[in-house]
Amino acid sequence: MTRKDGSMSEEIVGKGLEGGYVNHALSESGLELAQNGSQESHPQRELHGSSDFVLVEEPDAGEEESELSSYLQQAGRRLRHACSRKTLYKRLPLLGWLPRYSSQDALGDLVAGVTVGLTVIPQSLAYSNVAGLPPQYGLYGSFLGCFVYILFGSCKDVPFGPTAIISLLTYQTVGQLEEPQLHAVLLCFLAGAVELLMGLLGLGFLIDFVSGPVSSGFTSAVALIIVSSQVKDVLGIPAQGSTFLQMWRSIGEHLQESSLYDAALGLLCIGLLLLLRAVASVRLGSEEQRRHSAKLRLLDRLLWLAGTSRNALLVLGCGALAYGFPGGESPFQLIGHIPSGMPGLAAPPFGYSRPADNATVGFLEMAGNLGSGILVLPLISLMEDIAICKAFASGSSVDATQELIALGLANIGSSFVRAFPGSGSLSRSAVNNASGVRTPLGGLYTGLLVLLALLFLTPYFAFIPKATLAAIIIAAVIFMVEVKVVKPMWRAKKSDLIPGLGTFIACLVLQLELGIACGVGINVLFILYHAARPKISMERLKSRRGVDYLMLTPDRCLIFPSVDYVRNLVSKYGRRATGAAGASTPVVIDCTHIYGADYTAAKVVESLTKDFAQRGQPLFFYNLKPSVYAVFEGVAPQDFVVYYTQEGLDDLLKERAASCLERTLQDVLVP
């Protein structure tokens with residue numbers, strides 16, 4: 001290689017590479033290693049690249065510090081960043097809105113907090129039944145977590161507490177275990193610890209691996225499973241089962257034991273709840289009439305309040321009905337005695353003594369009994385909470401890391417008052433938002449209302465019929481079945497229905513954690529398939545000097561799953577491309593969209609260039625990124641030609657045409 005100064009290009013001998021574009025920035029910069037090393041054994045190749053300058057900073061050996069000192073400096077910077085005012089305000093959102101708190105904010109939070117409290121009390125009693133736990137455990141999980149979320153939560157609309165999905169996951173995790181109540185409290189603590197750890201490590205991005213179709217399929221399956229779990233209470237039968245099929249098999253076996261009173265009450269309650277839900281959206285008169293009539297505005301507000309408080313009204317009405325039967329002999333199945341007063345503050349159970357043989361069950365054994373629920377439940381909890389935050393974020397960004405920290409601390413705190421895991425509830429969030437909540441302080445009034453219920457109302461909760469609570473759950477979760485997403489998904493991309501339906505069916509047949517794992521696995525297979533099968537467009541073009549050539553354009557990076565597929569397509573198109581008199585048409589691979597490559601791709605490119613050279617067909621690479629070129633250059637391919645301008649292509653095609661003509665004449669003159 002002979003280097004020329006100034007603006008003159010470098011001269012290459014052999015293989016016709018002088019027609020390609022030479023990147024002087026790369027040739028003149030810190031790449032002498034490639035010139036002195038690899039080019040000694042391959043003198044016919046030269047480093048080609050784009051015309052962008054690459055600045056390489058070579059550290060001064062005299063200024064280099066020790067590795068330990070570098071780590072200490074980095075740790076110090078992170079510590080200063082963690083203790084900065086910006087980070088403090090980010091990790092304690094309370095400091096941002098509390099100094100600006102006004103009387104209007106207080107009024108809005110009071111109204112919203114009380115309204116949500118009237119919703120959460122009957123829901124928490126009902127969700128305890130879904131979790132397979134005594135009713136008081138739902139109330140225990142509805143106050144302390146609200147107080148903790150006020151300090152660390154970033155979304156004003158999220159009311160922390162038991163939810164339908166988390167309750168069902170809790171049941172599938174602890175329902176078949178010995179001492180399910182103790183395991184549920186420990187699950188609350190461990191799920192909170194995992195969420196907190198994920199937040200501190202910044203692992204909120206993990207929910208990005210759950211796509212929209214998978215989330216819709218999972219949510220719809222959960223809704224049907226929850227409805228199925230409550231059918232037994234509507235009918236008054238002792239059915240069991242942890243999966244959809246097991247529940248309906250058990251319901252079929254006990255169907256003849258159905259109670260007419262419970263079934264009539266349950267169906268009546270479902271109808272009333274759906275009616276009151278519709279009443280909440282009724283508006284009397286026109287907008288103009290309501291603006292000028294205080295009476296219409298008051299009636300609208302009363303209708304909305306009646307519809308929003310429908311759960312509480314139904315519980316009061318049905319409880320009074322059951323209480324009013326002579327002699328206390330109610331024909332309905334009631335939830336029974338609930339311990340009054342606040343739960344004692346105590347550490348979660350890290351072990352217990354088995355009554356049967358007085359053996360001690362330690363923490364590790366209890367954690368092992370919980371299995372994958374320790375990891376699955378925090379992820380689903382975060383997915384549910386982030387969906388709520390995005391729904392009410394009004395376009396602003398959602399901090400998944402902060403939500404993980406808030407949920408983790410709320411669950412850890414709740415475990416000290418004997419609660420099972422909780423999260424943000426979409427139905428209560430809608431009530432919270434519609435009630436005019438202004439800040440997370442609305443959770444204070446919700447928690448206080450639950451405490452008042454624990455202190456003074458638990459004796460009366462014993463008269464609530466189980467069918468009423470089952471109706472509340474059914475009327476709430478039936479709208480979680482996302483049928484409305486099927487039509488737009490079909491119009492947008494039909495293949496997205498496959499992971500959605502796969503998740504839906506798997507969750508109905510298997511345990512929920514296995515079902516969502518199947519959905520994520522199907523999604524990953526789709527991603528890998530698309531990565532392994534890039535689209536390659538083909539165009540027959542003519543250069544400025546009239547030479548025909550074939551342009552092939554891959555639409556993505558070249559990585560190991562796709563390289564053989566790309567090689568086969570390029571070879572197939574190359575063999576089919578024949579010019580006049582049977583001459584092979586030059587093939588150009590447009591590398592504009594290839595932003596990355598790996599060793600396997602480099603070896604395939606080496607083999608591809610060798611195949612084309614053996615059959616005398618020109619193969620050129622256009623607009624190859626310097627980083628990708630460096631990967632290909634690492635395997636030292638022969639006959640590897642790169643160009644970056646149309647003029648360079650014209651020169652290469654002209655030179656190759658002249659070379660082919662010369663060889664043809666030689667074959668004719670020299671038999």
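Which residues lie nearest the centre of the largest pocket, and how many line it? I found 45 lining residues, with Ile388, Ser425, Leu426, Ser427 and Met480 nearest the centre.

Ground rules first. I am working from a predicted model, where local features need pLDDT of at least 70 and side-chain atom pairs count only at pLDDT 80 or more, while totals for chains, interfaces and linings use all residues. Residues are numbered from 1 along each chain as its sequence is written, and side-chain values use heavy atoms, with hydrogens and water left out.

**Largest pocket**

I got a volume of about 1200 Å³ for the largest pocket. A pocket here is an open set of points on a 1 Å grid over the protein atoms alone, with protein on both sides within 12 Å along at least five of seven lines; a cavity is a set where a 1.4 Å probe fits but cannot get out, and lining residues have an atom within 4 Å of a point. Grid points are joined across faces, edges and corners, and a volume is the space filled by probe spheres set on the points.

Helix α19 (residues 373–391) gives the most to this pocket's lining, with seven residues. (Helices are DSSP runs of H or I, at least four residues, and strands are runs of E, at least two, numbered from the N terminus.) By class I noted 24 nonpolar, 14 polar and seven charged residues in the lining. Nonpolar takes in Ala, Val, Leu, Ile, Met, Phe, Trp, Tyr, Cys and Pro, charged takes in Asp, Glu, Lys and Arg, and the others, Gly among them, count as polar.

**Record check**

I looked in UniProt, in an unreviewed entry, and "transmembrane region" is listed there for residues 184–207, 263–282, 302–325, 370–392, 441–462, 469–490 and 502–532. Positions are in the numbering used here, feature names are shortened, and annotations may be inferred rather than shown by experiment. I checked two of these stretches in the model. Residues 263–282 come out 85% helix and 0% strand, with the end C-alpha atoms 29 Å apart. For residues 441–462 I got 91% helix and 0% strand, with the end C-alpha atoms 31 Å apart.

**Strands**

Next I followed the strands from β5 onward. β5 (residues 536–542) pairs with β6 in the antiparallel sense over seven bridges; two strands pair if DSSP finds at least two bridges between them. Lys542 stands opposite Asp548 in β6. The two strands make a hairpin with five residues between them, and Gly546 in the turn has a positive phi of about 85°.

β7 and β8 (residues 619–622) run parallel with four bridges, and Asp590 stands opposite Tyr622 in β8. From β7 to β8 the chain crosses through helix α28 (residues 599–614), a right-handed β-α-β crossover. Right-handed means that, with the strands pointing away from the viewer, the path from the first strand over the helix to the second runs clockwise.

**Cavities**

Searching the whole structure, I found three cavities of 30 Å³ or more. The largest holds about 120 Å³ and has 15 lining residues, with Leu558, Val566, Ile589, Val605 and Leu608 closest to its centre. α27 (563–576) and α28 each supply at least two residues of this lining, which has 14 nonpolar, no polar and one charged residues.

**Positive phi**

Ala636 sits in the loop between α29 (626–633) and β9 (641–643), with a positive phi near 55°. At 18% relative accessibility, Ala636 counts as buried. Asp639 is in the loop between α29 and β9, and its phi is also positive, near 55°. Asp639 is partly exposed, at 26% relative accessible area.

Notes. Buried means under 20% relative accessible area, exposed over 50%, partly exposed in between (1.4 Å probe, protein chains only).
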